[in-house]
Amino acid sequence: IRFHATNERESAAIKKYFPKSNIIIADNLPNTNQPEYIGCVKNRGSLNCIFIARIVAIKNLLFILKILETVKAEILLTIVGPAEDNNYWEECKQKIATLPANIKTTYLGAKQNNELLSLLQKNHLFVLPTTGENFGHAIFESFLAGRPVLISNQTPWLNLQTENVGWDLPLANPELFKEAIEKIAYTDQDEFDVYAKSAWQYANKFISNPTLKQQYYKLFL
């Protein structure tokens, strides 16, 4: 038996239960059809965020809603995804109803994959405080679109601040999420463009890596 792990974290989890296993690490194969970089207007003090995921507890929409109720900037949060857990979605809607006037939300429901790029390009920041992803294709779609992300540190996308492409933060410290939102909300156009162009280049570097296909050749030999 040969195990396929998509990163070192998965490899370590497999070794925990199967110490002598044969493990090949090969990253997930993402969408490699990257468009040309397109910017968007950014005014200081306002921020358009987008959450794209199934509405279930592990994707943690309620977490970001609780963060937003303490934010002072003008925020528009667009929520995209099927409401698979109706009880959880009801909790989210109850929280939305109590948000202050400076926080607006809109729910678009489920969308086809080919509709996501244009939605991402209309927003400034992708948010996903997930409790765990082995890759996070929606996260990578945001990079492809040239948009920074605000995510938890429970995905393979780590050390994002050093790359100037977003934040990967511990869920145990919600205050850090608030600080990140307010920081990017109060950026001006030039400051935001640095984040956006860095995100586009980050994705481009990933899909241009020749070792990605080589990992799969090794896996299936």
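These numbered points go through the fold, the aromatic pairs and a few loop residues of a predicted model.

1. Ground rules. The model is predicted, so local features need pLDDT of at least 70 and side-chain atom pairs count only at pLDDT 80 or more, while totals for chains, interfaces and linings use all residues. Residues are numbered from 1 along each chain as its sequence is written, and side-chain values use heavy atoms, with hydrogens and water left out.

2. Fold and dimensions. The chain holds 9 helices and 8 strands. These are DSSP runs numbered from the N terminus: helices are H or I with at least four residues, strands are E with at least two. The radius of gyration is 18 Å, close to the 17 Å from the globule rule for 221 residues, so the chain is as compact as a globular protein of that length. That radius is taken over C-alpha atoms, and the rule is 2.2 Å times the number of residues to the power 0.38. Along the principal axes, the C-alpha atoms fill a box of roughly 55 × 40 × 30 Å.

3. Of the 221 residues, 48% count as buried. Buried means under 20% relative accessible area, exposed over 50%, and partly exposed in between (1.4 Å probe, protein chains only). Among contacts with a separation of 6 or more, 70% come from residues 24 or more positions apart. A contact means heavy atoms within 4.5 Å.

4. Surface and charge. The accessible surface is about 11,300 Å², and 52% of that belongs to carbon and sulfur atoms. Areas come from the Shrake-Rupley method with a 1.4 Å probe; for residues, only the protein chains shown count as cover. There are 23 positive and 22 negative side chains, and the centres of the two sets lie 4 Å apart. Lys and Arg count as positive, Asp and Glu as negative; His and the chain ends are not counted. Charges are placed at NZ of Lys, CZ of Arg, CG of Asp or CD of Glu.

5. Aromatic pairs. Rings of Phe, Tyr and Trp (its six-membered ring) pair if their centres lie within 6.5 Å; planes under 30 degrees apart are stacked, over 60 edge-to-face, the rest tilted. F63 and F177 have ring centres 4.9 Å apart and planes at 80 degrees, so this pair is edge-to-face. The pair links distant parts of the chain: F63 sits in helix α2 (residues 61–68) and F177 in helix α7 (residues 174–185), 114 residues apart. Both F63 and F177 are buried.

6. The ring centres of W89 and Y107 are 4.6 Å apart with planes at 50 degrees, so the pair is tilted. W89 belongs to helix α3 (residues 86–97) and Y107 to strand β5 (residues 103–109). W89 is buried at 10% relative accessible area, whereas Y107 is partly exposed at 34%. One aromatic cluster takes in F135, F140, F143, W157, Y202 and F206.

7. The β3–α2 loop. K59 lies in the loop between β3 (46–52) and α2. K59 is buried, at 10% relative accessibility. Beyond neighbours within four places in sequence, the contacts of K59 include F51, R54 and E133. N60 is in the loop between β3 and α2 and is buried at 14%.

8. Backbone check. Which phi does N60 have? It is positive, about 70 degrees, although N60 is not a glycine. N164 also has a positive phi, near 65 degrees. N164 lies in the loop between α6 (160–163) and β8 (166–169) and is partly exposed at 30%. Most residues other than glycine have a negative phi.
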